[in-house]
Protein chains: 2
Amino acid sequence: MPDTKKQSFSEYVPPKVWRWNKGDDSKFANINRPVSGPTQEKELPVGKHPLQLYSLGTPNGVKVTIMLEELLAAGHESAEYDAWLIDINEGEQFGSGFVDINPNSKIPALRDMTNGQRVFESGSILFYLAEKFGAFLPTELAARTEVMSWLMWQMGAGPYLGGGFGHFYAYAPFKIEYAINRFAMETKRQMDVLDKRLAEHEFIGGADLSIADFAIYPWYGAMARGLLYEAKDFLDVESYKHVGRWAKQLSQRPAVKRGQLVNRTWDDKGLEERHSASDFDASSRLI
Amino acid sequence: MPDTKKQSFSEYVPPKVWRWNKGDDSKFANINRPVSGPTQEKELPVGKHPLQLYSLGTPNGVKVTIMLEELLAAGHESAEYDAWLIDINEGEQFGSGFVDINPNSKIPALRDMTNGQRVFESGSILFYLAEKFGAFLPTELAARTEVMSWLMWQMGAGPYLGGGFGHFYAYAPFKIEYAINRFAMETKRQMDVLDKRLAEHEFIGGADLSIADFAIYPWYGAMARGLLYEAKDFLDVESYKHVGRWAKQLSQRPAVKRGQLVNRTWDDKGLEERHSASDFDASSRLI
């Protein structure tokens, strides 16, 4: 059986030059392109707050909204923000205004209205906010370096979880055993790296909550809680007990609860947009 | 023909719980594991210089050696370093000493002997060195933020190029059309993002050479120069003219030339280890 499968794989010989076949039937065929840049003129809305966030409540988007809610909870009033929805299934990431902020056409993207600065890539936004508010990134060298190493770890590891495992296990139009095995193994290894770290430290960076937690929790915390790709059993996520302990602890923080609701479109608990702290009061969302 | 292929793919039904099959015949089967941590007790060697680098001359390793050589060329004498070879095909990344520095068991990893600090993840090492020496990362907010966004861009984009396209196009034991198409498209899009950026700026961050260049050049510069995965024609890399201009410009810098030779094992131009500036003099390597 495996031999037959490999036989049929090896029949494919890549052409000399790759060509875009728009008939690809992947779930994301309409948003994946081999070229960059805007496909349409479209300005972005701007609200009244210092920070304008253009995002979607996926794990990468939630990294930033969790941090913003934590900053506000810690008393940083100038972290007030408008969170606008970018519907990637509608191609809004290819609008000219969005591309001006993020030439890579991915959420999240931030404009700081106090100085006009654009910031793109979730890791860069976390770092920018940490420096701007002097929060969640230690200045003491050893603690700072650990946080930055783990933040960078997430940036490099996450694509194997999301673009690798998640894509081939949950979204690709057919199940490819080799690819699922490759990325399941790597995802489990990454979970184990975190599990050993969190066996010895309360938070990823050490004793204190930091931008490393904000980056890692929306992906690996969600995985530990069985919320990603219906892979709870397949990856035996409950075996990573220390990740589970940490994920549960973070999930109970009010600011984390709020952050996870922002720009969330797939259930009636979420807020499509967030423009005020009182937006969360409108329902029993946080219960 | 495509229908037949999909038919045979869809015969695969993932099991309820994933199990490690050690009989996997991927090129990297012996170095990919679903668990983390050391497999053997092994201390790391320590040389006489302030910085001890444990690495291999792959693109991620070369990011750091290029930066160290640029720092030395700029007069930062305390950037002197010993570069020790970590042979990943021999599993040296699973030695206990290496895991103490990088619990993720990937090269490069750095120990700063002046303070004992460990640093892992290439992006974190670049950032650490930039802060330590006050070099290649602007302090002015706008320029600093651009550099950090592009540095983070590389950290998140690179896995699609290396672990995605490179793996499925060059290393996987058989050619999987769907996976090759997915990652070829994304790699081309990434090249186009850079091409538009470099059409308007001399360097990635703007007017000045920065850690964003050090991160991006070893992957995307090498791709533009036709040096990765024998994919020069397949991805039509010469169409990204501005990436090509920038890559050529960087490739002519003496420090970049030196950095690319460190921990390089696959030809007789490389230095397996580097312990002194004079190590480069031993042959006609730099001609």
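User: Which residue forms a salt bridge with B:K16?
Analyst: A:D233 does, with the closest N and O atoms 3.2 Å apart. A salt bridge here is a side-chain nitrogen of Lys or Arg within 4 Å of a carboxyl oxygen of Asp or Glu. This is a predicted model, where local features need pLDDT of at least 70, side-chain atom pairs count only at pLDDT 80 or more, and totals for chains, interfaces and linings use all residues. Residues are numbered from 1 along each chain as its sequence is written, chains are lettered from A and ligands numbered from 1 in the order in which they are written, and side-chain values use heavy atoms, with hydrogens and water left out.

User: How many salt bridges across the interface of chain A and chain B?
Analyst: The rule finds six.

User: And how many residues does each chain put into the contact?
Analyst: Chain A gives 78 residues and chain B gives 78 residues (contact: heavy atoms within 4.5 Å).

User: What area is buried between them?
Analyst: About 7,400 Å², with carbon and sulfur atoms giving 63%. That is the accessible area (1.4 Å probe) that two parts lose on being put together, summed over both.

User: Which residues in chain A lose the most area to chain B?
Analyst: A:Y12, A:W18 and A:Y178, together 11% of what that side buries.

User: Switching topic, what does A:F165 touch?
Analyst: Leaving aside neighbours within four places in sequence, the contacts of A:F165 include A:Y160, A:F183, A:M223 and A:F234.
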